[in-house]
Amino acid sequence: MATFEGTFTQDPSLLRFAIVIGRFNDLVTGKLLSGCQDCLKRHGINIDPNGTQVDYAWVPGSFEVPLVARQLALSGRYNAIICLGAVIRGQTPHFDYVCAEVTKGIAAVSFQTGVPVILGILTTDTMQQALERAGIKSNLGWNYALNALEMASLMGQIQQQFPLSTYAEHNITALPVSSNNNQVNLESFSELSDEPQ
Ligand code: INI
């Protein structure tokens, strides 16, 4: 038997991440993004948007995050996807609807695609609480990036031990990250493919 545990010592040049960021409350999400980038950079990742390791996608608000994360996950290009947003309770029930949908949506994307999708959506009662978690006291963006690094390593180890053929035999859908920059072959995962069947 084996013990699987993510590390932070893998070759960083082999990793690719996508970060999906909500513009709503961008005073907060911009700071989360900075924390995230700082962590990735200090772990040897090239965070340049014109580089090959990190892609960025901005969406209007947290509600739109899962859809874009799913599209990116289906590309098979990323070891992990980091979702950043800030939902702050107002005077309307909108907060509860957005929180429920974004958290469910992100979990579904991760589960359905087999790609680690990090829940970096702050849900707070006030802007002050959100800012405290986005740089004033600590910056959770840093932690979200660390979670992505750990999950990328962990999933890589498991995929190495139980390669695609093993999943396919058992009719389980999971998207392995391709070892080069090519998109993953979705033929054996028809139910996940966006291509017309
Ligand atoms: N989006 C957020 O990211 N945070 C919020 O606090 C928020 N509130 O409170 O309304 C919010 N709403 C926008 C929502 O995410 C969608 O962008 C919008 O409803 C359009 O679909």
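Which side chain has an N or O atom 2.7 Å from an oxygen atom of the ligand? The side chain is that of Ser62.

This is a predicted model, in which local features need pLDDT of at least 70, side-chain atom pairs count only at pLDDT 80 or more, and totals for chains, interfaces and linings use all residues. Residues are numbered from 1 along each chain as its sequence is written, and side-chain values use heavy atoms, without hydrogens and water.

**Ligand site**

The residues around the ligand (a heavy atom within 4 Å) are Phe24, Asn25, Gly61, Ser62, Phe63, Glu64, Ala86, Val87, Ile88 and His94.

| Residue | Part of residue | Ligand atom | Distance |
|---|---|---|---|
| Ser62 | side chain | oxygen | 2.7 Å |
| Phe63 | backbone | oxygen | 3.1 Å |
| Ala86 | backbone | nitrogen | 2.7 Å |

Alone, the ligand exposes 460 Å², and the protein buries 76% of that (Shrake-Rupley method, 1.4 Å probe).

Asn25 also has a backbone feature. Its phi is positive, about 60°, although Asn25 is not a glycine. Asn25 sits in the loop between strand E1 (17-22) and helix H1 (26-42). Helices (H or I, at least four residues) and strands (E, at least two) are DSSP runs, numbered from the N terminus.

**Asn139**

Asn139 lies in the loop between helix H4 (127-132) and helix H5 (140-161). A polar atom of its side chain is 2.9 Å from the backbone oxygen of Lys31. The Asn139 side chain also reaches the backbone nitrogen of Gly141, at 2.8 Å. Beyond its neighbours within four places in sequence, Asn139 is in contact (heavy atoms within 4.5 Å) with Lys31, Leu32, Gly35, Arg133 and Ala134.

**Helix packing**

Helix H2 (residues 65-74) packs on helix H3 (residues 94-113) at about 10°, with axes 8 Å apart. H2 is therefore roughly parallel to H3, a term for angles under 35 degrees. H2 contributes Val65, Pro66, Ala69, Arg70, Ala73 and Leu74 to the contact, and H3 contributes Glu101, Val102, Gly105, Ile106, Val109 and Thr113.

Notes:
Axes fitted to C-alpha atoms, helices over the stretch in contact; angles between N-to-C directions. Parallel < 35°, antiparallel > 145°, perpendicular 65-115°, else oblique. Polar contact = N/O pair within 3.5 Å; in protein donor to acceptor, adjacent residues only side chain to side chain.
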